[in-house]
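These are my notebook entries on a structure I went through site by site. I wrote down what I looked up and what I found, in the order in which I took the topics.

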Amino acid sequence: MTRVGRWIGRHLALALGLLVLLYMYIPNFIVALMSFNDASQSRNLYQFQSFTWDNWLNPCAPLGMCESLRVSISIGLLATIVSTIIGTLAAFALVRHRFEGRSTANLMVFLPMATPEIVMGSSLLALFVAAGLGGQLGFWTILVAHIMFCISFVVVTVRSRLSGLDSNLEKAAMDLYANEWQTFWRVTFPLVFPGILAAALLAFSLSFDDFIITNFNAGQTVTFPMFVWGAAQRGVPMQVNVIGTLMFIAALTFVILGEVASRRRARGKVSAR
Amino acid sequence: MSLAEDARRDLRLAGLTKRYPNGFVAVKSLDLVIPQGSFFALLGPSGCGKTTTLRMVAGLEGPTAGTIHIGDTDITHEKPFKRPVNTVFQNYALFPHLTIAENVEFGPKRRGVKDTASQVKEILELTELTEQAAKKPAQLSGGQQQRVALARALINRPEVLLLDEPLGALDLKLRRAMQIELKRIQEEVGLTFVHVTHDQEEAMTMADTVAVMNEGRIEQLGTPYDLYTNPHTTFVANFLGRSNLVKGTVVGREGTGADAVVKVDMHGTVVTIKASRVHTESSEGWIGIRPEKVLIQPAGTPLDAPGNFFSGAVVSEASYMGVSTEYHLRMPWGQELICFEQNTGRRGGLVAVGTQVDVSWRPEFAFLLDSSQDAGAGIEEE
Amino acid sequence: MSLAEDARRDLRLAGLTKRYPNGFVAVKSLDLVIPQGSFFALLGPSGCGKTTTLRMVAGLEGPTAGTIHIGDTDITHEKPFKRPVNTVFQNYALFPHLTIAENVEFGPKRRGVKDTASQVKEILELTELTEQAAKKPAQLSGGQQQRVALARALINRPEVLLLDEPLGALDLKLRRAMQIELKRIQEEVGLTFVHVTHDQEEAMTMADTVAVMNEGRIEQLGTPYDLYTNPHTTFVANFLGRSNLVKGTVVGREGTGADAVVKVDMHGTVVTIKASRVHTESSEGWIGIRPEKVLIQPAGTPLDAPGNFFSGAVVSEASYMGVSTEYHLRMPWGQELICFEQNTGRRGGLVAVGTQVDVSWRPEFAFLLDSSQDAGAGIEEE
Amino acid sequence: MTALQRVFGRNAAYILIAPAALWLAVFFLFPILSLLTTSLSDPAGNPVTGYTLTWRVQNYVEALADYWPYLGRSLLYAGIATFFCLILGYVLAYAIAFKAGRFKTIMLVLVIAPFFTSFLVRTLSWKLILADNGWIVETLQSLNLLAEDGRLLATPVAVVAGLTYNFLPFMILPLYTSLEKIDPKLNEAAADLYANPVQRFWRVIWPLSLPGVVGGTLLTFIPATGDYINAELLGSPNTQMVGNRIQALFTTVGDYPHAAALSVILMAMIVAMVLYYVRKAGTEDLL
Amino acid sequence: TRGGGGTAGCVTTDLSSTEARLAISNWPEYIDEDDGDYLSTLSQFQEQTGIQVSYTPDVNDNSEFFARVRNQLGACQPTGRDMFMLTDWMAARMIDAGWIQQLDKANVPNLDANLISSLQGVGWDPNRDYSAPWQSGFTGIAYNKSLVGEVRTMDELLTRSDLKGKVTMLTEMRDTMGLLMLSNGADPANFSDDDWGAALEKLSKARADGQIRAFTGNEYINDLAAGNIAACVAWSGDVAAAEDENLVFLPPDEGMMIWSDNMLIPVQGMHKANAEKWIDFYYDPKIAAQLAAYVWYVCPVEGAREEMESIDPSLVDNPLIFPTDEYLAQTNGFMSLDEAKASGYERDFADVTG
Ligand SMILES: Nc1ncnc2c1ncn2[C@@H]1O[C@H](COP(=O)(O)OP(=O)(O)OP(=O)(O)O)[C@@H](O)[C@H]1O
Ligand SMILES: Nc1ncnc2c1ncn2[C@@H]1O[C@H](COP(=O)(O)OP(=O)(O)OP(=O)(O)O)[C@@H](O)[C@H]1O
Ligand SMILES: NCCCCNCCCN
Ligand SMILES: [Mg+2]
Ligand SMILES: [Mg+2]
C-alpha cells in the first residue's frame with residue numbers, strides 16, 4: 001500500500017464524518033450568506049438580491065426580534081439546566097437501581113416523546129387554565145413546558161452513556177473514602193460527562209427551537225421561533241439570518257474558550273509541580 | 001477471649017459466604033481471624049475466591065451470609081468509604097480521567113487532608129513514578145499502572161490494607177524493592193496487611209501468617225515455615241512449593257507426646273516420621289519429601305547424608321535454572337522423584353541424564369499425608 | 001547471508017523507534033533478529049518499552065522509524081489483521097459482550113474456519129476454562145481472564161505469537177503447567193514466540209534466546225545460560241538474578257586466545273578471570289560473583305572449596321526462603337555480600353546471625369565489568 | 001443485606017427519580033389524562049361550549065378507520081428517516097468518538113450548533129436549495145435522474161429528507177456517548193485476531209454501541225412519527241402525516257374528541273413498537 | 001350579552017384609569033414601524049395618549065389563535081391581552097360565544113363617523129357594537145408573470161397544464177372554497193350543501209390530478225417569488241406589499257372574496273378604555289392613511305384616501321387600498337355558519353387538503 005493509500009485509509013472515517021457535518025451545515029451557509037442580503041427590493045423573496053452590511057450593523061432592527069431572542073435564550077438555558085439535572089438523576093435511578101415501578105417510570109419517560117406536540121401543547125394549556133393560570137401564561141409556563149419535554153431526551157441520552165459503565169471505578173472511589181456524593185462528582189460525573197453534555201446540548205436546542213408547544217403556553221410572550229414564524233408569513237427579516245449566524249459563532253466561541261481555559265489550567269497544574 | 005484480645009482490632013471473618021447471581025458459590029463459609037498488625041498472605045489457585053473475599057472485606061461486594069468485624073465493630077454492612085480499609089485492585093481500577101498525581105491524592109483529599117503535596121511526592125518517589133505524575137493512566141506501561149494502584153492505596157495508611165496481587169506486573173528487582181517497602185510500612189505503622197499473591201517466595205518472606213485457600217475454603221493456615229515444612233494436605237504440599245509424594249504403609253506407631261513417631265514402610269525401606277508431622281489415621285499414606293531435601297551423588301562416590309538411602313535411581317531429566325538445577329530421578333519402583341541442587345559450582349557441571357545415582361534424605365523432613373487425598377491435588381493436570 | 005537463511009521466516013526489527021505523541025521515546029532504534037521457530041524472551045524493567053515493541057510488531061502502533069520484516073516480507077505498514085501475528089495482551093482486552101467461548105473462537109471465525117467447536121473445546125480444556133465457556137469476561141477471576149486471553153491467541157497458531165506477560169496472574173502451579181503447554185505447542189508447530197515476562201525462571205527455562213531491554217534499548221542478547229553466567233553489563237548482572245559486585249584493580253593480562261586471562265587485585269587477594277568473561281578495558285573493574293556461588297562455613301570448620309578464600313566475614317542477616325536461605329555477609333572491607341544456601345538439611349538449621357564465617361568461591365565463575373557502570377544499575381533504589 | 005438496607009437502597013432510587021417523575025406526572029400525565037377523557041367524549045360538542053364525557057369508544061374506531069393511511073405513512077416516513085439518520089449519524093458519531101482527538105468537544109458542539117439557527121430559517125434555506133429552478137434540481141434533471149418537469153420540493157423525498165436532516169442530532173448525540181466509552185484496545189484486539197475493518201465494526205464496535213443505537217433510534221423515530229412541520233413545509237397534500245391530521249382536527253376542524261383519540265392511538269402504537277424493538281434489539285436492560 | 005358561552009357574569013373592572021397600558025395581539029407585518037425619521041402610528045399613539053402599548057404580532061392563523069385562547073376565555077380568565085384582531089367569521093364566533101366586550105360608543109366617535117359604508121351593517125355585528133375593522137383584503141389569484149401567462153379564472157388555475165404541480169391554495173377554508181363556489185356560479189354568501197359538494201368535488205379532482213402542489217398559509221408568497229409555484233390563491237396586500245414586479249394579483253373573472261380583520265376586546269381585557277382610545281385613534285383618517293400606505297390592505301376609514309394624497313399620491317388610486325365601487329362589486333363575503341356546520345365543512349375541507 002502506498003503512503004497516500006495509508007493516509008486515506010487512516011483518515012477515511014474522519015473524512016466521511018466531516019462530510020456529514022458539512023451536510024448539516026448546508027442551510028447554515030445559506031443563512032450566513034443571506035445575512036448579507038439586501039432584501040429591501042422584495043421582502044418576500046427569500047433569495048440573494050444584493051450585498052449589504054446593514055443587517056449586521058442593525059441586527060435588532062426588526063421590532064421585538066432581539067427581545068424574543070433574549071426570552072428564548074433565558075428559557076433555553078434555564079430549561080437545559082433544570083431538565084439536565086433531573087433527567088440525569090432519573091437516568092441514574094433507571095440504570096443503576098432495580099426498584100418497583102421501574103418499568104412504569106420507563107414508560108413515563110418515553111411517552112412524552114411519543115406524544116404529538118400539538119396534543120402536548122394544548123393539553124398542557126388546558127391544565128394551566130384549569131389551575132387558574134390562564135392570565136399568567138408567559139415565561140414561566142413556557143419554561144415549565146420546556147423542562148417537561150426535555151426530560152425524556154436527557155434521560156435517554158444519559159442512559160445510553162451510563163449503561164455498561166465500569167462500576168468498579170466507583171467502587172474504587174468508595175474504597176478511597178469518597179462518599180456517594182463525592183463518588184458521583186469526582187468519578188461518575190466526569191465519566192458520564194460526555195453523555196450529560198450531549199444531553200444538555202440536545203435540551204438546549206430542543207427548547208431554543210420549539211414552536212408548537214411554546215405557542216400554546218406563551219400567553220403574550222414571544223420567543224424567537226414564534227417571532228420568526230410570524231415574520232415568515234410575510235417574509236423573514238434578513239436580520240434573522242444574522243442572529244442565526246451569531247448564535248452559531250457564539251456557541252463555537254464558547255467551547256473554544258472553555259477548551260483553551262481547561263488546557264491552560266491543565267498546563268498550569270503541571271508546571272506547578 | 002481475654003479482655004486484652006477484645007480490645008485489639010483484629011479482622012475477623014465468620015461464616016463468610018458469597019454466592020454470585022448466576023448461582024456460583026465463590027466463597028464458602030469462611031472463618032478467619034487476622035490479628036491486628038499482622039502481615040497476612042492469602043494463597044490459592046486461580047479462581048479459588050481470593051479476590052471475592054477481599055472485595056467483601058472492602059465492602060465492594062455484599063456477602064450472601066456471614067459477618068465481618070474489625071475488633072468489636074461489625075462492618076459487614078458498613079459503607080465502603082466508612083471502613084478503615086483500602087484496596088489495591090487486581091485490575092488496578094485507576095481513574096482514567098485523572099492524572100497519576102490526582103489518582104494518588106484522591107484518598108487523602110476525600111478525607112479532607114489539606115496539604116497532600118508532600119505526601120504525594122513521597123509516595124510517588126517510593127513507587128518510582130515521579131516522572132509519570134502528570135500523565136494519564138492510559139499513557140503508562142502495565143507495571144507503572146500497577147504501581148499507581150499501590151501508591152493510591154498506600155498513601156492512606158489504612159488500618160487494614162488489602163493487596164490483590166499488588167506486584168504481579170513488576171519485574172523481579174522492582175518487586176523485591178516494593179516488598180521491602182511494603183514490609184517496612186506495615187511494621188512501622190503496625191497496619192494489618194492482607195496480601196494475595198502468586199509469588200510464593202513473596203508470601204514466604206513477607207507474611208507472618210499464610211492461609212492457603214482452595215475452592216472457596218481455607219485448607220491450612222500457619223506461619224510460612226510451618227506450612228512449607230509440615231503441610232497437612234496433599235493440596236498444600238503440592239501447591240506451596242513442590243513435593244515428592246511416595247506411597248507408604250504404616251507399620252507401627254511408637255512413643256507418646258512429643259516423642260511419638262510413626263513407622264512407615266516405603267517400598268521396602270522403613271522410615272520414621274514424627275507424630276506431629278503425620279496427618280492421617282489410616283494405615284496407608286503419602287510420604288512427602290521436598291525436592292531440595294533430596295540429595296544425589298553419582299553411584300559409587302560417597303554421599304554425605306545420614307538418613308534414608310536408596311540406590312538404583314537414574315537421572316531422567318536435568319534442567320538448568322540459574323541458581324539451581326532440577327533433576328528428575330527414576331526410582332527403582334518406577335516413580336519419578338524431583339530433586340533440586342544448588343549450582344554451587346562444586347560439582348563442576350551438571351549430572352548428566354542417564355547417570356546412575358544414589359539418593360538420600362533426612363527422615364526428619366518427611367511428612368505423612370492421608371492416602372485418600374489425591375496425590376495430584378494442587379498440581380494442574382495437563 | 002546465505003540463501004537458506006533468506007528463505008527462513010525470521011522476524012527482523014531494524015532501527016525500530018517509537019516516539020509517543022507526548023514526545024517520550026519509548027523504543028530507541030531497536031535492531032533484533034528473532035529466528036523462525038525460536039522461543040524468544042524479552043526481559044526488562046517496568047516501563048522499558050517491551051509492550052511498545054510488541055505492539056509495533058503486531059501492527060497496533062505505527063513505528064516512528066524503522067522496519068519490521070518477517071522473512072523477506074516487509075510488514076512495517078501491513079494492517080494488523082493481515083499479519084500472521086497474534087498477541088496475548090498484557091491487559092487482556094477481552095470482548096466484554098462475548099462469552100468466553102465466543103472470545104476464543106473470534107480469530108478462527110474471522111479467518112473463515114467453519115467448524116471451530118472442537119478446536120475451542122480443546123483449547124479451553126488446555127487452559128482449564130471449560131466450565132467458564134458460557135460466562136462473560138466480567139464474571140471471571142483475574143487469572144481466568146488471563147487464560148482466556150491466552151486461549152484466544154493460541155487457538156490461531158500464528159507464525160509469530162507475541163506474549164505480553166501471559167502468565168503473570170497465575171499461581172505457580174498453573175503457571176508451570178501453562179509454560180509446559182506453551183513450550184510444547186511452540187516446538188510441535190515450530191512457531192516463533194516472543195515472550196515478555198517478569199518471571200526470570202520462566203525466561204530461563206523456556207527461552208532459546210533472551211534479550212534484556214533497558215530504557216528502550218537491548219542491553220544484551222544470548223542464551224539464558226550465557227546471560228546468566230556471563231553478563232556484560234552491571235545492569236544485566238543485577239537485573240537477571242542477583243550479583244555481588246566487588247571493586248577490583250587489574251594487575252595484569254596474560255596468555256592469548258582461549259587461554260587469555262586477566263589478573264585482578266581484590267582487596268588484597270589477586271583473582272584470575274578468563275578473558276572471555278572480562279568486559280572492560282580499563283584498569284579498574286567490578287568483579288561479579290553470583291550469590292549461589294558464594295560458599296560459607298562457620299570459621300574453623302573445614303570449607304570444601306578450592307578457590308578464592310576470605311576469612312573474617314560475619315553473618316549480618318539470614319532469611320529463610322523455603323528451598324534456600326539468603327545470608328548477608330559483612331566482609332572485612334566493609335562491603336556486604338549476599339550468599340544463597342540451599343536448605344538441604346545437611347547443616348541442621350540456619351547459620352545464626354553474628355556467626356563468624358569463612359567465605360569462598362571458585363574463580364572460574366567470576367566476571368569482570370566496567371567500573372564506569374553503576375554497580376546499582378538494574379537494582380531499584382529504595 | 002438486611003431488610004433495613006434494602007429499604008434504604010430502594011429509597012435511593014426513588015429519591016433520584018422523584019423530581020423527574022413528579023414533573024412528568026404533573027405537567028404531562030395529568031394533561032394526558034384529560035386528553036384521554038376528551039378522546040372518549042361526545043364529538044357533538046364544540047370547542048366553545050366544551051365536550052361531555054360519554055365513554056364513546058366509537059371515536060377510536062372512527063379515527064382509525066378514517067386516518068389509518070396517515071398512520072401508515074407516518075411510520076413509513078419516520079422509519080426511513082430514522083434509517084438514514086442512523087447511517088449518517090453513525091458515521092459522524094464514530095468520527096467524533098474515535099478520530100477527533102482533542103477536538104471532540106468542539107465537534108460535538110458543531111453538531112448541535114446548526115440547530116441554534118431557527119428551524120424555520122433552516123427549512124427556508126433548504127427550500128431555496130431544492131427549489132424547482134435551483135441548481136440541484138437542474139443538475140439532477142440534466143443528468144436524467146429527475147424528469148424534466150420533476151421536482152424535489154413537495155414530494156415524499158423532500159419530507160423524508162427534511163425529517164432526516166432535522167432529527168440527525170438526536171441520533172448523533174446518544175450514538176456518540178456510547179461509542180466514546182468503547183475501549184479502543186478492543187478494536188486493536190479484534191484487528192490482531194484477523195478481523196478486517198468491516199468485521200471489526202460488526203463484531204465489536206456495533207454490539208458495544210447498541211445502547212446508543214437504541215437511544216438514538218428512539219429519540220429519532222418517536223418524535224419523527226408525530227412530526228407534522230416537515231410534511232407541512234416540504235410536502236404536498238399527498239405526503240401529509242398523522243401529525244398534520246391531528247393538527248387539523250384540533251385547530252381548523254375543532255373536533256377535539258377525534259383528535260384526542262387519534263393522538264392516543266398514535267402514542268399507543270409507538271409504545272408498542274418501541275417495546276417490541278427494544279426486546280428485539282436485546283437491550284431490555286435499557287428500559 | 002349574547003350567545004351561550006356562559007361568561008355572562010364574567011365582567012372585569014376596567015383598570016384603564018390607573019394603568020396606562022394596553023396589550024395587543026395582531027397578525028405579523030400588519031402595522032408600520034419606526035424607521036429613521038419616520039414615526040410610526042404606534043409611536044404617535046403612545047406619545048399622544050401616554051399609554052404604553054405592548055404589541056405582539058402573534059396571530060398567525062385564526063383557528064390556531066382560537067385554540068390558544070379558547071381555554072382562558074371559556075374559563076373567564078385573562079388571556080393577557082386587551083385586544084386582538086381576528087377575521088370576520090372568527091370574530092363572529094367569539095362574539096357569539098359571549099367572549100367579547102361591547103364597545104362604549106361614546107369612546108369611539110371616529111369609528112361611527114368614519115367606517116366606510118361597505119363595512120357597515122355586517123350580519124354578525126350590525127351596529128359594530130363589538131368589533132371595529134382593522135384592515136380588509138381580497139382573496140384572488142396571483143401568478144408569477146415571468147413564468148406563465150395570465151391566469152384569469154379558477155378553472156384555468158385548476159386545469160391548465162402549464163401550471164401542473166405549480167399551484168397552491170390557501171388552507172383558509174373560506175377563501176379557497178369561496179373562490180371555487182364562485183367559479184361554479186354559486187354564491188358563497190348563500191350556498192347549499194350541493195353547491196358545497198360540487199366545489200369540493202372540483203378541488204379534490206384537481207388535487208388528484210396533481211395540479212395542486214400544496215395548501216398553504218401566508219408563506220405561499222415566498223414560493224411564488226422563488227418560482228416554485230407559478231400561480232396560486234392569494235391575499236391582496238401580501239402580493240402588493242411584496243413589491244415584486246413579476247407578481248401579479250388579479251380578481252378572477254367570476255369574482256373574488258373579501259374579508260376584514262377586526263379589533264376585538266376580550267371579556268377579561270382589563271384596559272378597555274385604553275383599547276377604545278386605540279380604535280378611535282386608528283379611525284382618524286390621517287393615521288389610517290399612514291397605516292394603509294405601509295400595509296397595502298384595504299383601508300376601512302373614510303377620508304383616508306384624501307389624506308393619502310399628501311402621503312403617497314401613487315397609492316390614491318390603488319384599488320387594493322381604496323377600491324372603487326365597481327371593484328367592490330366583484331367581491332363576495334362568506335356565509336356565516338353555526339358551530340356544527342362550520343366544523344362539518346372544515347372537516348370535509350381538511351380531508352381534501354390533507
Ligand atoms: N500512550 C503513551 N503516551 C506516552 N507515553 C507512553 C504511552 N504508552 C506508554 N508510554 C511510556 O512508554 C514507556 C514504555 O511503555 P511500555 O508499555 O512499552 O513498557 P513495558 O516495558 O511494557 O513496561 P511494563 O513491564 O511495566 O508493562 C513507559 O515509560 C510509558 O510510560
Ligand atoms: N460476577 C461473577 N459472577 C459469577 N461468577 C463469578 C463472578 N466473579 C467471579 N466469579 C467466579 O468466582 C470464582 C472466584 O473468583 P475470584 O475473582 O474471587 O478468584 P481469585 O481467587 O481472585 O482468582 P485469581 O487468582 O484468578 O484472580 C471464580 O471461579 C470466578 O469465575
Ligand atoms: N399579514 C397580514 C395578513 C392578514 C390575513 N388575514 C387573514 C384573512 C383570512 N381570510
Ligand atoms: Mg483475583
Ligand atoms: Mg508492558
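How far apart are the end C-alpha atoms over residues 137–162 of chain A, and what percentage of the chain is helix there? I am working with a predicted model, and in it I find the end C-alpha atoms of this span 37 Å apart, with 92% helix and 0% strand.

**Entry: annotated spans of chain A**

I took the span from the UniProt record, an unreviewed entry, whose annotation "transmembrane region" covers residues 12–36, 73–95, 107–131, 137–162, 183–206 and 242–261 of chain A. I also looked up residues 107–131 of chain A, where the end C-alpha atoms lie 26 Å apart and the span is 88% helix and 0% strand.

**Entry: ligand 1**

I next asked which residues come closest to ligand 1. I find 21 residues around this ligand, and the closest are Ser141(B), Gly143(B), Ser46(C), Thr51(C) and Thr52(C). On its own ligand 1 has 640 Å² of accessible area, of which the protein covers 93%. Helix H5 (142–154) of chain B and helix H2 (50–58) of chain C each supply at least two residues of the shell, and I sort the residues of that shell into five nonpolar, 14 polar and two charged.

**Entry: ligand 2**

I then turned to ligand 2, which lies between chains B and C. Of the 21 residues around ligand 2, I list Ser46(B), Thr51(B), Thr52(B), Ser141(C) and Gly143(C) as those that come nearest. I looked up the polar side-chain atoms facing its oxygen atoms, and found one of Ser141(C) at 2.6 Å from an oxygen atom of ligand 2, one of Ser46(B) at 2.7 Å and one of His198(B) at 3.4 Å. Taken alone, ligand 2 exposes 640 Å², and the protein buries 93% of that. The elements giving two or more residues to the shell around ligand 2 are H2 of chain B and helix H6 (142–154) of chain C. I count the shell residues of ligand 2 as five nonpolar, 14 polar and two charged.

**Entry: the magnesium ion**

Which atoms coordinate the magnesium ion (ligand 4)? I find OG1 of Thr51(B) and OE1 of Gln90(B), at 1.9 to 2.2 Å. The pair links distant parts of the chain, 39 residues apart, since Thr51(B) sits in helix H2 (residues 50–58) of chain B and Gln90(B) in the loop between strand E6 (85–88) and helix H3 (100–110) of that chain. Thr51(B) has a relative accessible area of 26%, so I note this residue as partly exposed; Gln90(B), at 21%, is partly exposed as well.

**Entry: Glu125(B)**

Last, I looked up Glu125(B), which lies in helix H4 (residues 117–126) of chain B. With a relative accessible area of 45%, Glu125(B) is partly exposed. I also recorded the separation between the C-alpha atoms of Glu125(B) and Gly376(B), which is 45 Å for two residues 251 residues apart along the chain.

Note on methods: Residues numbered from 1 in each chain as written. Chains lettered and ligands numbered in written order. Predicted model: local features only at pLDDT ≥ 70, side-chain atom pairs only at ≥ 80, totals over all residues. Heavy atoms only, no water. Donors = N, O, S within 2.8 Å, 3.2 Å for Na, K, Ca; no water. Helix = DSSP H or I, 4+ residues; strand = E, 2+ residues; numbered from the N terminus. Buried < 20%, exposed > 50% of the residue type's maximum accessible area, 1.4 Å probe, protein only. UniProt positions renumbered as here; feature names shortened; annotations may be inferred. Near = heavy atom within 4 Å. Polar contact = N/O pair within 3.5 Å; in protein donor to acceptor, adjacent residues only side chain to side chain. Areas by Shrake-Rupley, 256 points an atom, 1.4 Å probe, with all protein chains shown as cover. Nonpolar A, V, L, I, M, F, W, Y, C, P; charged D, E, K, R; others polar.
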